[in-house]
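The following dialogue is intended for a reader who is new to this structure. Please consult the sequence and the model while reading.

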Amino acid sequence: MAVNLQPAQPAGLAAFLRSGDLVLAVVMVLVVGMMVVPLPSALLDLLLVTNITLALTMLMVSLYVQRPLEFSTFPSLLLILTLFRLSMNVATTRLVLLNAEAGRVIEAFGTFVVGGNYAVGVVIFIILIVIQFIVVTNGAGRISEVAARFTLDAMPGKQMAIDADLNAGLITEADARNRRQSIQRESDFYGTMDGASKFVRGDAIAGILIILVNIVGGLIIGVLQRGMSLSEAASRYTLLTVGDGLVTQIPALIISVGTGILVSKAATEASLGNEIGAQVLGDPRVLGAVAAMMGLLGLVPGLPKLPFLTLATLAGVAAYVASQTRRQAALAAELGALAPAEEAEGPKGPENVMNLLAVDPMELEIGYRLIPLVDAAQGGDLLDRITMIRRQTALKMGVVLPPIRVRDNLQLKPKEYRINLRGIEIARGDIQIDHFLAMNAGMAAGPLEGIPTKEPVFGLPAFWIPESRREEAEILGYTVFDPSSVVATHLTEVVKQHAADVLTRQDVQALLTNIKAEYPAVVEELTPGLLTVGEIQRVLQNLLRERVSIRDLVPILEALANYGRLTKDSDTLTEYARQAVARAITHAHLSGSGSLQVLTLDPALEQTLGNAVQQTDQGAFVSLEPGVAARLLKTLQAQVERMLANGQQPVVLCSSKVRLVFRRLIERKLPQVSVLAYNEIVPPQTEVQAVGTIGLA
């Protein structure tokens, strides 16, 4: 069978061209080789035209890009083209000085463009150098320097704005990551442009030196080596040198203009030409005034009437066109404003109604006087604190909170805030924005003057004090919080208290998927064979409801896999799961000295609770007489307040038989109290200090 191998060559060439790195490497080697290897005049003509083409291409790209970052390779291209142009200067200098000719392109620029007069050519070349070096290059370099400085200064504010939008739920994690990368690229781009503008300045200086060296070298070679007269040598070599300077400096000037346009361009939604047309020629009043002034100047005796009246007519026509365009735009805007109203009167489509059903899992509403707490421009750091709350919740509780939306609500009091769970209020507080909260944690040495209030988390007595008295309060032993810390602490406690309500089946599925990547055996054994995702969710919610971290999920899942064959009761499975993470539970309640300070139950009370346990379809509950339950809660509340005042965590230690029912008895009144069983103290040698006993008396 015959095989045609001819198409292999184009395929190889296409593969070569698609490999940009390889092409660039070959180009750089050729550019460097131009400085060493003599080039024929025909090839040099092609390279000079290529230089002009590349310069025009870069100028057009600079004009049409909407944002400077769309042409982020400009600094590198600028360096490559500068090296390419200098290599051609070396090649043309060699050709001019050796053969007294440099190809048709340079000769055309030396004869046709400047009329064959080298003196005129020198003047034009100097003018181009002045324009490029003093005007364009200097301005572009200054713009690059200032843009780089202001871009770096604005980076922290832009990063905080991204974090604020992320916390408010306006953008996703992926959007935030892309915006941060864009900011970093913008900073790198302007910093690189600041340095790249020095290439253009150096190129202009090199152009001046090269033309001087070529003229002097041409005179010496022409007179001493070729036997020309001084005027003949000056005419021949100077004309070629000026042509060489013009054919290289004109592209350099074009690239310099492109540099200035790129660094001076602001982010717009259209190209530069459209923006200039819309901003300069869009106002008919400006064009009408220009037309009137040009018409008046055309009527002044002594001035030529034709150019002034011509431009006055053109400006008047442009003013009329701009006026009609603006009128049509206003009419279209009115029609567009009427369209939503007509849609509102008619029936809405299902897609519009579905958008109204979205409910934020957690939301913080603030009064208008509390806006400075979330405004980074006014020194507010509450949004950063909310970000830290989400991170701490993931680390300590094992729950990934959805973004907490922060919004102002004019229906609230000016200094009031409210925390909502799925649109329903679950907590509220008041903040004195210009004061600090001084709380007596049981170590205050004396009274303190201020606005009396209650600490919003535990309801402890506190005072709002001005900033001038903060040091005095700290000396007296009060714990002082700024307003942002008060809101953040309250929000943290609310998140811990309602973490179980935030955890959804979808969240549980995401946790299982994450665990399955490293521990597939336990997940595959557990679900869907033994327990459903909903049954696992109820166990995890029970743990979170008692503030047990589910971050170490593997032992919890293994306990469920071990006992899921025996029972489907979520309460029983929860107790088994607590035993699996008993060490973590004990560690979470240790005091600073490493001991476990607890309240114990009177044996008579434990027996009473054990006899009063009732099993229902909703789980185990304790049934006590209302008076007995009220006395028990009152006694426990007094003990808990004493422990909180001493800076201790309120923990109750009891037998495993009554642990769950006692917790359910007190959880509505005292949700912050943890109830531990004796078998949950791990390791067993942990020092336990009983600081009080709870009884029915």
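Predicted model: local features only at pLDDT ≥ 70, side-chain atom pairs only at ≥ 80, totals over all residues.

Q: Where does Pro528 lie?
A: Helices (H or I, at least four residues) and strands (E, at least two) are DSSP runs, numbered from the N terminus. Pro528 lies in the loop between helix 18 and helix 19. A cis peptide bond, with omega of about 5 degrees, joins Thr527 and Pro528. The peptide bond from Val682 to Pro683 is also cis, with omega near 0 degrees, and Pro683 is placed in the loop between strand 13 (674-677) and strand 14 (688-694).

Q: Which residues of the largest nonpolar core touch the most other members?
A: In soluble globular proteins, nonpolar side chains tend to be buried together. A nonpolar core is a set of buried Ala, Val, Leu, Ile, Met, Phe, Trp, Tyr and Cys residues joined through side-chain atoms within 4.5 Å. The largest such core has 38 residues, and those touching the most other members are Ile536, Leu540, Ile550, Ile556, Leu557 and Leu560. Among the elements that each supply at least two residues of this core are helix 18 (520-526), helix 19 (533-545), helix 20 (553-563) and strand 9 (596-601). A second, separate core of 30 residues includes Leu373, Val406, Leu460 and Leu491.

Q: With which residues is Leu560 in contact, leaving aside its neighbours within four places in sequence?
A: Contact means heavy atoms within 4.5 Å. With those neighbours left aside, Leu560 is in contact with Leu526, Leu531, Ile536, Val539 and Leu573.

Q: What is the strand order in the open sheet of four strands?
A: Two strands pair if DSSP finds at least two bridges between them. The order is 6-7-5-8, with antiparallel pairing. Strand 6 (451-454) and strand 8 (479-481) are at the edges with a single partner strand each, so one side of each has no neighbour in the sheet. Strand 5 (residues 435-439) pairs with strand 7 (residues 461-466) over five bridges, and Phe463 in strand 7 is the bridge partner of Ala438.

Q: Which strands does helix 15 lie across?
A: Axes are lines fitted to C-alpha atoms, for helices over the stretch in contact, and angles run from 0 to 180 degrees between N-to-C directions. Helix 15 (residues 483-497) lies across strand 5, strand 7 and strand 8, and runs at about 95 degrees to strand 8.

Q: Where does Arg422 lie, and what is its phi?
A: Arg422 is found in the loop between strand 3 (416-421) and strand 4 (424-430). Although Arg422 is not a glycine, its phi is positive, at about 55 degrees. Arg422 is partly exposed, with a relative accessible area of 36%. Arg547, also not a glycine, has a positive phi of about 60 degrees and is placed in the loop between helix 19 and helix 20.

Key. Residues numbered from 1 in each chain as written. Heavy atoms only, no water. Buried < 20%, exposed > 50% of the residue type's maximum accessible area, 1.4 Å probe, protein only.
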